[in-house]
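Hi,

Here is the structure I said I would pass on to you.

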Amino acid sequence: MSSASRSNRSGADAALVLVYVPAAGPSGAHGPAVERTAQLEILVNDLGRVRGNRIVRADSLPPGFFGLLERHLSGLRFRPAELGGVPVRVWMPYELRYWAP
């Protein structure tokens with residue numbers, strides 16, 4: 001898995017993550033894996049941990065996607081947003097790219 005940061009239309013940074021989601025059945029049962037994307041909004045708390053998420057737009061979601069998504073997001077850490085020098089929670093855009101059949 002690799003990650004990077006990129007700017008969205010509003011100029012804010014959105015995280016970009018590539019993960020592989022294995023096929024649900026025997027190899028090739030659902031066809032070849034293709035790159036798919038999901039646009040999310042994630043809630044980052046004042047400690048830099050993800051505490052919520054919303055799917056804004058997504059390509060076809062494979063079986064088990066939500067469990068993998070929750071597990072992935074729970075391991076992320078960010079530098080908290082600040083308002084007047086005080087850490088605050090904030091919703092931020094997050095783009096997830098993955099390979100799935």
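**Salt bridges and the rest**

A search of the whole structure turns up 3 salt bridges. Before I go through them, please keep in mind that this is a predicted model.

Let me start with the pair that joins distant parts of the chain: Arg-54 sits in strand 4 and Glu-41 in strand 3 (residues 34-44), 13 residues apart. Their closest N and O atoms are 2.9 Å apart. Arg-54 is partly exposed, at 39% relative accessible area, and Glu-41 is partly exposed too, at 30%.

Next come Asp-59 and Arg-57, whose side chains meet in a salt bridge at 3.4 Å, N to O. Asp-59 has a relative accessible area of 29%, so it counts as partly exposed. Arg-57 is also partly exposed, with 39%.

The remaining pair is Glu-95 with Arg-97, at 3.0 Å from N to O. Is Glu-95 buried or exposed? With a relative accessibility of 4%, Glu-95 counts as buried, because the cut-off for buried is under 20%. Arg-97, on the other hand, is partly exposed at 23%. As background, side chains of opposite charge can pair when their charged atoms come close.

**The overall layout**

If you want to find your way around, the chain has 1 helix and 7 strands. Starting at the N terminus, the order is β-β-β-β-α-β-β-β. There are 101 residues in the chain, and buried ones make up 29% of them. The accessible surface comes to about 6,500 Å², with 54% of that belonging to carbon and sulfur atoms.

How much of the contact count comes from residues 24 or more positions apart? Taking the contacts with a separation of 6 or more, such residues account for 63%.

**The core and the helix**

Now for the inside. The largest nonpolar core has 14 residues, and the members that touch the most others are Ile-42, Leu-73, Tyr-94 and Leu-96. Strand 3, helix 1 and strand 7 (90-100) are the elements that give two or more residues to this core. Which of them gives the most? That is strand 7, with 5 residues. In general, nonpolar side chains in soluble globular proteins tend to be buried together.

Helix 1 is worth a look of its own. Phe-65, Leu-69, His-72 and Leu-73 are buried there. These four cover an arc of only 90 degrees around the axis, so they lie on the same side of helix 1.

**A nonpolar patch outside**

On the surface, Ile-55, Leu-61 and Phe-66 make up a nonpolar patch, and together they have about 250 Å² of accessible area. You will find Leu-61 in the loop between strand 4 (50-58) and helix 1 (65-74). Leu-61 is partly exposed, at 31% relative accessibility.

**Residues that meet across the sequence**

- Val-90 lies in strand 7 and is partly exposed, with a relative accessible area of 30%. Leaving out neighbours within four places in sequence, Val-90 is in contact with Ile-42, Leu-43, Val-44 and Ala-81. Val-90 and Val-44 are 46 residues apart in sequence, yet their C-alpha atoms are 5.4 Å apart.
- Asn-45 is in the loop between strand 3 and strand 4. Despite that loop position, Asn-45 counts as buried, at 12% relative accessibility. Not counting residues up to four places away in sequence, Asn-45 touches Arg-51, Pro-80, Val-88 and Arg-89.
- Arg-79 is in the loop between helix 1 and strand 5 (81-83). Is Arg-79 buried or exposed? Arg-79 is exposed, with a relative accessible area of 79%. Arg-79 and Leu-47 are 32 residues apart along the chain, with 7.7 Å between their C-alpha atoms.

**Where to begin**

If you have time for one stop, I would pick Glu-95: this residue is buried and is in a salt bridge with Arg-97.

Cheers

Methods: Residues are numbered from 1 along each chain as its sequence is written. This is a predicted model: local features need pLDDT of at least 70, side-chain atom pairs count only at pLDDT 80 or more; totals for chains, interfaces and linings use all residues. Side-chain values use heavy atoms; hydrogens and water are left out. Patches are made of residues with over 30% relative accessible area and no salt bridge: like charges are joined within 9 Å, nonpolar side chains (Val, Leu, Ile, Met, Phe, Trp, Tyr) within 5 Å. Accessible areas come from the Shrake-Rupley method with a 1.4 Å probe; for residues, only the protein chains shown count as cover. A salt bridge is a side-chain nitrogen of Lys or Arg within 4 Å of a carboxyl oxygen of Asp or Glu. Buried means under 20% relative accessible area, exposed over 50%, partly exposed in between (1.4 Å probe, protein chains only). The arc is that of the directions from the helix axis to the C-beta atoms. Contact means heavy atoms within 4.5 Å. A nonpolar core is a set of buried Ala, Val, Leu, Ile, Met, Phe, Trp, Tyr and Cys residues joined through side-chain atoms within 4.5 Å.
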